[in-house]
Amino acid sequence: MNEREKSDSPVVPAKPPNKSGAAATEAEVVEERGLAKGNTDSTTRPGRSAGVDVSSGLDRVREVARRDKDARFSALLHHVNLSRLEAAYWAIRPKAAPGVDGVTWHDYGRDLEENLRDLHARVHSGAYRASPSRRVYIEKADGRLRPLGIATPEDKILQRGVVEVLNAIYEEDFLGFSYGFRPGRSPHHALDALVVGIDRKKVNWVLDADIRDFFTSLDHGWLEKFLEHRIADKRVLRLIHKWVNAGVIEDGNWSESAVGTPQGSSASPLLANVYLHYVLDRWVRQWRRQHAHGDLVIVRFADDFVAGFEHQSDARQFLSDLRERFAKFGLELHPDKTRLIEFGRHAARTRAARGVGKPETFDFLGFTHICAKSKSGRFWVRRITISKRMRAKLHEVKDQLHRRGHLPIPEQGQWLASVVRGHLAYYAVPGNIDAVAAFRTEVTMQWFKALRRRSQRNRLNWVRMNRLATQWLPPVRTMHPLPSVRFSATTQGRSPVR
């Protein structure tokens with residue numbers, strides 16, 4: 001039986017819970033719960049960040065996808081109409097860098113109606129041709145360079161329109177522990193699910209996994225086979241084929257993209273989720289039912305995922321089987337970044353008894369996760385900002401302050417306020433207040449040095465500097481609820497276990 005036939009084979013019935021009655025209800029697999037229906041079924045408001053009103057014209061597609069998991073959709077492209085393309089244009093970030101054609105968002109919008117009509121006509125007549133992506137590199141927190149592919153505005157618009165249509169199908173298929181780049185789901189939803197899973201289930205071991213160069217390793221042949229499980233509209237499949245095979249241009253030279261999908265394109269997140277849905281998510285669900293002897297929780301955000309296990313033997317077997325599974329589909333776990341560590345409510349005690357020190361930590365979505373205890377002595381997973389991320393951001397702030405040193409203090413203050421506000425919005429979770437306070441303090445220190453450097457009189461002292469910081473920089477406070485509170489509010493009792 002080939003891999004495609006395996007993925008279509010009937011799903012093995014789930015193992016019954018270890019407990020019965022109310023205890024079993026409490027022990028449901030928390031990370032598999034979908035978000036509350038209100039987050040996924042509500043009408044999306046058109047706008048720059050919201051995208052197309054997905055409910056309009058796609059309700060039947062969504063209903064069929066929900067009701068019949070084997071249905072294949074043969075007529076989808078007509079949903080990519082002018083209104084959807086226009087909404088996709090307004091959803092694009094106006095300041096985004098141009099693609100290989102040099103056309104900016106504003107350039108394309110000068111004759112928006114005519115441009116969209118021309119694009120719509122070429123798409124539906126088959127005359128549309130995808131442009132290569134412009135290759136750029138951004139520095140990662142560890143100093144390595146991440147390749148990005150910048151598409152043209154026309155390709156971005158069409159990709160967004162098609163993705164909105166395909167989301168009506170795949171949002172009914174994707175499993176609850178998949179969080180990356182999905183409507184109504186954010187990194188903090190994934191972080192909440194992970195913490196709640198470790199807290200409520202019997203987790204003693206954590207697999208911190210990293211897929212090596214996933215976006216540049218994705219196999220086009222397998223991707224097309226996976227898409228064909230649900231998509232029978234040849235026109236949509238041809239569009240996706242054009243996008244992933246358009247190639248990249250770097251330093252004026254075109255190169256073929258035989259594998260992978262450009263990271264940074266509008267279609268790339270959905271295609272990545274589809275690929276990992278079949279390669280990883282469905283396999284994990286079946287592995288848990290067939291092979292796990294204890295609890296197993298998993299949370300995936302795009303190509304990053306963390307799994308927790310009750311038994312070390314399960315964790316080791318899972319890791320071995322996962323390597324074999326990935327090899328069949330052209331993927332590989334990074335040998336230096338994939339670790340199995342002892343982590344959970346009993347880790348500190350068992351490791352102390354063996355004399356091996358404190359439990360190790362792991363990083364996920366910008367936070368270092370630590371085995372900790374509350375003031376009452378209860379176990380909890382504490383999350384603090386990854387130190388490398390903070391240092392990299394502070395280095396960026398310092399560099400930008402040098403560039404903005406000639407600006408008036410109010411303009412500098414407004415910009416620094418936006419930096420601190422954005423940092424707080426993401427990192428100000430319970431238990432991390434010291435780290436975000438340290439970030440604000442360091443920003444204030446850098447601003448103080450920058451202001452003194454530009455003044456020959458050096459009249460600025462810390463009394464005045466503190467007044468400036470109080471005036472412009474937002475105060476530090478916790479911006480997020482406890483993970484269990486938000487997780488329960490978005491899932492418990494309102495969305496079935498998937």
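**Surface and burial**

I began with the accessible surface of the chain, which comes to about 24300 Å², 50% of it belonging to carbon and sulfur atoms. Accessible areas come from the Shrake-Rupley method with a 1.4 Å probe, and for residues only the protein chains shown count as cover. I note that this is a predicted model: local features need pLDDT of at least 70, side-chain atom pairs count only at pLDDT 80 or more, and totals for chains, interfaces and linings use all residues. Residues are numbered from 1 along each chain as its sequence is written, and side-chain values use heavy atoms, with hydrogens and water left out.

Next I looked up burial. Of the 498 residues in the chain, 48% are buried (under 20% relative accessible area; exposed is over 50%, partly exposed in between; 1.4 Å probe, protein chains only).

**Fold and contacts**

I found 20 helices and 11 strands in the chain. These are DSSP runs numbered from the N terminus: helices are H or I with at least four residues, strands are E with at least two. I then checked contacts (heavy atoms within 4.5 Å). Among those between residues at least 6 apart in sequence, 74% join residues at least 24 apart.

**Cores**

Which residues have the most contacts inside the largest nonpolar core? They are Leu 158 and Tyr 275, in a core of 77 residues. A nonpolar core is a set of buried Ala, Val, Leu, Ile, Met, Phe, Trp, Tyr and Cys residues joined through side-chain atoms within 4.5 Å. Helix H13 (residues 268–290) gives the largest share of this core, 12 residues. Another core lies apart from it, with 52 residues, among them Ile 198, Met 390, Leu 394 and Met 465.

I went back to Leu 158. Leaving out residues up to four places away in sequence, Leu 158 touches Val 80, Leu 85, Leu 119, Val 123, Tyr 128, Leu 239 and Trp 243.

**Helix H9**

I traced H9 (residues 187–200). Its 14 residues reach 20 Å from first C-alpha to last, close to the 20 Å expected at 1.5 Å a residue (expected span: 1.5 Å times one less than the number of residues). Because 12 of the 14 residues are buried, H9 is largely enclosed by the rest of the structure. The buried ones include His 188, His 189, Asp 192 and Asp 199.

**Aromatic rings**

I listed 21 aromatic pairs. Rings of Phe, Tyr and Trp (its six-membered ring) pair if their centres lie within 6.5 Å; planes under 30 degrees apart count as stacked, over 60 as edge-to-face and the rest as tilted.

Phe 226 and Phe 329 make a tilted pair, 5.9 Å centre to centre with 45 degrees between the planes. They are 103 residues apart: Phe 226 is in helix H11 (residues 220–228), Phe 329 in the loop between helix H14 (312–328) and strand E8 (339–342). Both are buried.

Phe 448 and Trp 462 have ring centres 4.3 Å apart and planes at 25 degrees, so this pair is stacked. Phe 448 lies in helix H18 (residues 433–454) and Trp 462 in helix H19 (residues 462–472). Phe 448 is buried at 10% relative accessibility, whereas Trp 462 is partly exposed at 35%.

**Backbone check**

Ala 302 has a positive phi near 60 degrees, though it is not glycine. I placed Ala 302 in the loop between strand E6 (296–301) and strand E7 (304–309). Ala 302 is buried, at 5% relative accessible area.
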